[in-house]
Amino acid sequence: MILAVVGAGYVGMVCGVGFAKMGHQVILIDIDSDKVDMINQGRAPVYETGLDAALRGLAPTSLSATSTLDSDSIGNADAIFLCVQSSTADCEGMDLTPVERAARDVGVALRNSSGYPVVVVKSTVSPGATEKRILPILEESSGKRAGVDFAVMANPEFLREGNALADFLCPDRIVIGGVDTKGRAVLGEIYKDFGVPIISVDRTTAEVIKCACNAFLAAKVSFINEVGNICKALGVDTYKVAEAMGADPRISPHFLKAGIGFGGSCLPKDTRSLCMVARELGYEPILLESILQVNDNQPLRLIEMAERKMGRLVGKKVTVLGLAFKAGTDDVRKSPAIQVTKGLCQRGASVTVYDALAEEKAKGVLQDRVIYCPSAVEAISQAEVVFVLTDSDEFKDVELYSGKVVIDGRRVLDDGVRDGLDYEGICW
Ligand code: UGA
């Protein structure tokens with residue numbers, strides 16, 4: 001099928017390349033012409049495991065990119081996927097402005113279209129947004145009617161950054177939101193070779209499924225972090241507790257790694273978005289709010305731990321290893337590691353940092369408040385104390401830390417290997 005993908009960020013790039021790998025003909029559309037040039041030269045504009053290689057491995061006709069969203073670029077598409085971001089730096093919950101703008105452009109481009117195009121909202125949006133905000137924009141800007149001239153479907157993604165292409169190609173399930181018969185048939189055809197259950201629901205249910213999944217994962221992390229904070233005070237190792245909890249299949253071992261908390265563009269935003277929708281509906285989301293509250297406090301606990309150990313941090317030589325919101329990505333959005341680093345700078349510490357993948361993006365938020373180093377060894381060389389903030393494999397080498405105080409926010413050094421180190425773990 002011919003598929004247009006609007007937005008060449010993490011989601012759009014992965015979906016575009018993934019669909020092309022599955023045999024569809026893809027046109028990627030992004031307003032950033034530098035990104036478009038990169039894609040057309042066979043280079044992915046975002047870091048994602050295996051993406052560059054997959055892009056280069058595609059037949060030249062199966063994927064192309066353009067910065068023009070008009071009837072020429074999307075007019076022949078069987079489906080048009082909206083994959084633009086729904087989070088912005090200064091917005092706590094969802095910011096639907098980019099999705100709404102993309103919907104407007106798509107609508108204008110569809111003004112003179114014939115046939116029955118299927119517009120698919122893949123960007124994560126707050127429950128009800130496709131129905132109440134995106135669909136009316138599409139109708140107004142196209143001068144056409146949903147359900148008569150075109151379909152509007154919701155099709156959330158469940159891709160983990162760093163593993164997104166593999167997640168796309170081997171999903172656990174596919175959720176299709178929308179009762180439009182043609183829309184369902186087109187999406188059913190697009191996904192027919194994935195061989196996994198397709199869950200068909202209405203648009204708002206699909207949106208709730210997406211936000212509830214991320215809020216549940218966030219809940220698991222905040223739960224184990226809260227238990228971890230209690231364990232720390234008791235002198236108990238949370239990882240032993242989590243191991244035994246996870247052996248119960250009703251609980252499962254996933255997302256029970258205690259540490260400095262969850263970040264990224266998804267878990268915080270989607271949990272916040274559910275809270276906001278709940279309040280609009282007159283319901284106070286006590287549990288969801290607590291998930292976020294526990295998470296907001298967690299990074300600061302790490303700094304307080306260092307202060308208890310070493311006194312005031314002003315003038316101290318501190319190293320931060322890992323700046324991304326998790327290992328294996330260059331993404332620093334809502335990264336707890338950035339929160340810790342800013343806190344250290346505010347306390348007057350002299351901070352060196354190392355994160356090979358995330359350095360460029362971190363510079364955008366930390367500017368010249370820290371010294372960026374090309375290797376962990378170099379970053380640590382003068383340090384009195386080292387904060388380990390992602391569980392990247394390269395930080396597991398215990399030799400790195402000899403003679404330093406280690407404050408571990410991710411359980412990078414396990415029991416046994418850290419003997420002899422001046423070491424403190426956040427929840428163990
Ligand atoms: C998350 C979801 O896992 C995906 O299913 C979803 O598609 C995606 O959001 C999205 O909405 O697009 P992602 O943001 O890439 O994916 O990150 P996760 O791997 O879920 O990790 C989120 C945060 O939780 C990270 O900061 C991670 O370090 C933290 N985490 C995770 C823990 O602190 N402990 C754990 O046990 C697991």
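How many cavities of 30 Å³ or more does the structure hold? This predicted model holds 1 such cavity.

**The cavity**

- The largest cavity has a volume of about 60 Å³.
- Its lining is formed by V121, K122, S123, T124 and V125, by A154, N155 and P156, and by A206, E207 and K210.
- Sorted by class, the residues of this lining are 5 nonpolar, 3 polar and 3 charged.
- Helix α9, which covers residues 203-234, supplies the largest share of the lining, with 3 residues.

**A pair of parallel strands**

- Strand β7 (residues 174-177) and strand β8 (residues 198-201) run parallel and are joined by 4 bridges.

**Residue M310**

- M310 belongs to helix α12, which covers residues 286-310.
- Leaving aside residues up to four places away in sequence, M310 touches K316, E384, V385 and V405.
- From C-alpha to C-alpha, M310 lies 56 Å from V26 in space, and the two residues are 284 residues apart in sequence.

Notes: Residues are numbered from 1 along each chain as its sequence is written. This is a predicted model: local features need pLDDT of at least 70, side-chain atom pairs count only at pLDDT 80 or more; totals for chains, interfaces and linings use all residues. Side-chain values use heavy atoms; hydrogens and water are left out. Helices (H or I, at least four residues) and strands (E, at least two) are DSSP runs, numbered from the N terminus. Contact means heavy atoms within 4.5 Å. Two strands pair if DSSP finds at least two bridges between them. On a 1 Å grid over the protein atoms alone, a cavity is a set of points where a 1.4 Å probe fits but cannot get out, and a pocket is an open set with protein on both sides within 12 Å along at least five of seven lines; lining residues have an atom within 4 Å of a point. Grid points are joined across faces, edges and corners, and a volume is the space filled by probe spheres set on the points. Ala, Val, Leu, Ile, Met, Phe, Trp, Tyr, Cys and Pro count as nonpolar, Asp, Glu, Lys and Arg as charged, and the others, Gly among them, as polar.
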